[in-house]
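Welcome! Here is a short tour of a protein model for someone meeting it for the first time.

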Number of protein chains: 2
Amino acid sequence: MLKVCLIGASGHWNYAADGIAEDGGAVLSGIAPGPEGEDIGPAYAILCRNGHSPERYEDYIRMLDEQKPEIAVVSCYFNDHARAGMEAMKRGCHLFIEKPLATTLEDLENLRRAYERSGRHLAGMFALRYSPEFLTAWNVIKQGMIGEVRLLNAQKSYKLGTRCEVYRKRELYGGTIPWVGSHAIDWIYWLSGERFTSVCSAHSRMHNHGHEDLEASACCLFTLTNEVMATVTLDYLRPDSAPSHGDDRIRVAGTKGIIEARDGNLFLTGGCDGGDVRKLELLQGRNIFRDFMDQVRGKGQCLVSAEDSFYVSEICIKARISADENRVVPL
Amino acid sequence: MLKVCLIGASGHWNYAADGIAEDGGAVLSGIAPGPEGEDIGPAYAILCRNGHSPERYEDYIRMLDEQKPEIAVVSCYFNDHARAGMEAMKRGCHLFIEKPLATTLEDLENLRRAYERSGRHLAGMFALRYSPEFLTAWNVIKQGMIGEVRLLNAQKSYKLGTRCEVYRKRELYGGTIPWVGSHAIDWIYWLSGERFTSVCSAHSRMHNHGHEDLEASACCLFTLTNEVMATVTLDYLRPDSAPSHGDDRIRVAGTKGIIEARDGNLFLTGGCDGGDVRKLELLQGRNIFRDFMDQVRGKGQCLVSAEDSFYVSEICIKARISADENRVVPL
């Protein structure tokens, strides 16, 4: 059995819990709060209700030392990802870690060094690559159906609701561009197959309903290699009455066709064989953590590599710096 | 009868021809090529087929001097708009002029001076304000149904086909950002009610199918007053097999709701009274030139003011400069 421990329960720890439940060959043996001490009570209760029986710790270092898990899952306060990840890697764990991997370039660099020394596997929680519409989009592009990618427009729009402390303090949260934007930035990187060359961003805290530092709106303009370009639009303005929490979209315009993921669907216009706008049949979605466990077992490759995880995290932080400092940042 | 003459037939002269045909109180008395001499033959033939009987001139100055029209309609080569417009205003004509009003800041300033001296009316051909979905969007926003506008995402996507000389030479064309982007930039200005504060743009000529200087893709990031922000995406990548020539869209996210114009429809999510995504009933579209003629008659006000026309044209040119020079341009 593959032993897995959770550090923190502020992000998408459920990817791991769900993956373990589906897998059958892994066990969730421990859970502890992240470095700054979060309330893991609600997550612990959900885990127990869902058939997991992790030992509950107050100190994640003690948990790592006692449990000696093969995989550490880090989803604590956003500014603590890197610190907790380093401690886990130092102890020989493979690392499944919330994105962005860090909220500062310094922390990211420290984590990268720990990763390189460790010889272990690492994947960031860029789980939307495994959603049916994005997975299918990637396949369509790989098959050459839209020709060469030229232009990408990504959107993340969330309901704000009432969010806890971690979203309200920049030093914990890291900013809306890294937190909400990381998926959008990852799609652009992954679907274009290019490298980023520059970013220009803007963000605003206005109308954030008392959420202090949280930016309720943000936009980025990216240039990439081969003169590919991309826009990202991010907001917490999605009305409470909307049918879903998030309105995730990407439009990818290529030399032979245009695909668009929207409302969980994927539309293709044109393409190698021409044609009007049509809805594509979607591939089945998969759980990212199952793929990561298989990679750890030497039986496959997670769609999200360690290199991708570090690269996209770095771009996220630099895109936020662009907005903070009102300037174009070369990448 | 209101006498109208056409200078050039490279742009949207049909707005004027259609408006005159609908109006009943105006006559198209002359047509001539712009300063650099275009082929107005095809336009002349269409006009005659549609019941107009303009006198055909080879020299627009002679036409203006002989016909003495109340209104000159300028839609010649894009770099000649300003020059032809100035000649018409000097002769006391009201001016209905293709957008952008000029392709350089110098020409725009010269035209502005001619306009200010003239005491005549002027409107740029920002005719999409009169399309049902955009007109309705404007009304919805004016009524406060989406609260305060925070974020706008505009798209223009065109089929490229095979385009004539004027699109192939930067000195004639002016660039894809001013030509295709002018509508998108105008929507942002008009629907937000804000002023632009900065722009960062990118554009690329790659994959333009031999159209020399024409940029096949472009993106802009705008900041506006009150920390409002906007993206613009522009391309000539729309597949030939798509159902329409253009794929015009705008999404406007406000503090109480989000509206989106897409495929000729308008969708509202949330809004003052909450609610799921719903398609709105659209106002009837109108012909911009009929409104302009009424303004000239002192009977109303065109939705596009002279001030708007100059301002948006200036922003268009500066957005192109941002892309040409790879820098943020303050506005």
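The report below looks at helix packing, aromatic rings and cysteines in this predicted model.

## Two helices side by side

In chain A, helix H6 (residues 132-142) packs against helix H10 (residues 181-192), with the axes 9 Å apart and at an angle of about 25°. An angle under 35 degrees counts as roughly parallel, so H6(A) and H10(A) are roughly parallel to each other.

On the H6(A) side, the contact is made by Phe134(A), Leu135(A), Ala137(A), Trp138(A) and Ile141(A), and H10(A) brings Trp187(A), Trp190(A) and Leu191(A). These contact residues comprise 8 nonpolar, no polar and no charged.

## Aromatic rings

Over all chains, there are 32 aromatic pairs. One of them is the tilted pair of Tyr115(A) and Phe310(A), 5.6 Å centre to centre with 40° between the planes. Tyr115(A) sits in helix H5 and Phe310(A) in helix H12 of chain A, 195 residues apart. Tyr115(A) is partly exposed at 23% relative accessible area, whereas Phe310(A) is buried at 1%.

In chain B, Phe78(B) and Trp179(B) are stacked, because their ring centres are 3.7 Å apart and their planes lie at 10°. Phe78(B) is buried, with a relative accessible area of 1%, and Trp179(B) is buried too, at 5%. Back in chain A, one aromatic cluster is formed by Phe78(A), Tyr167(A), Tyr173(A) and Trp179(A).

How many disulfides are found over all chains? The search gives 0. For Cys220(A), the closest cysteine sulfur is in Cys219(A), 7.4 Å away and too far for a bond. Cys220(A) is buried, at 0% relative accessibility.

Methods: Residues are numbered from 1 along each chain as its sequence is written. Chains are lettered from A and ligands numbered from 1 in the order in which they are written. This is a predicted model: local features need pLDDT of at least 70, side-chain atom pairs count only at pLDDT 80 or more; totals for chains, interfaces and linings use all residues. Side-chain values use heavy atoms; hydrogens and water are left out. Axes are lines fitted to C-alpha atoms, for helices over the stretch in contact, and angles run from 0 to 180 degrees between N-to-C directions. Helices (H or I, at least four residues) and strands (E, at least two) are DSSP runs, numbered from the N terminus. Angles under 35 degrees count as roughly parallel, over 145 as roughly antiparallel, 65 to 115 as roughly perpendicular and the rest as oblique. Contact means heavy atoms within 4.5 Å. Ala, Val, Leu, Ile, Met, Phe, Trp, Tyr, Cys and Pro count as nonpolar, Asp, Glu, Lys and Arg as charged, and the others, Gly among them, as polar. A disulfide is a pair of cysteine sulfur atoms within 2.5 Å. Buried means under 20% relative accessible area, exposed over 50%, partly exposed in between (1.4 Å probe, protein chains only). Rings of Phe, Tyr and Trp (its six-membered ring) pair if their centres lie within 6.5 Å; planes under 30 degrees apart count as stacked, over 60 as edge-to-face and the rest as tilted.
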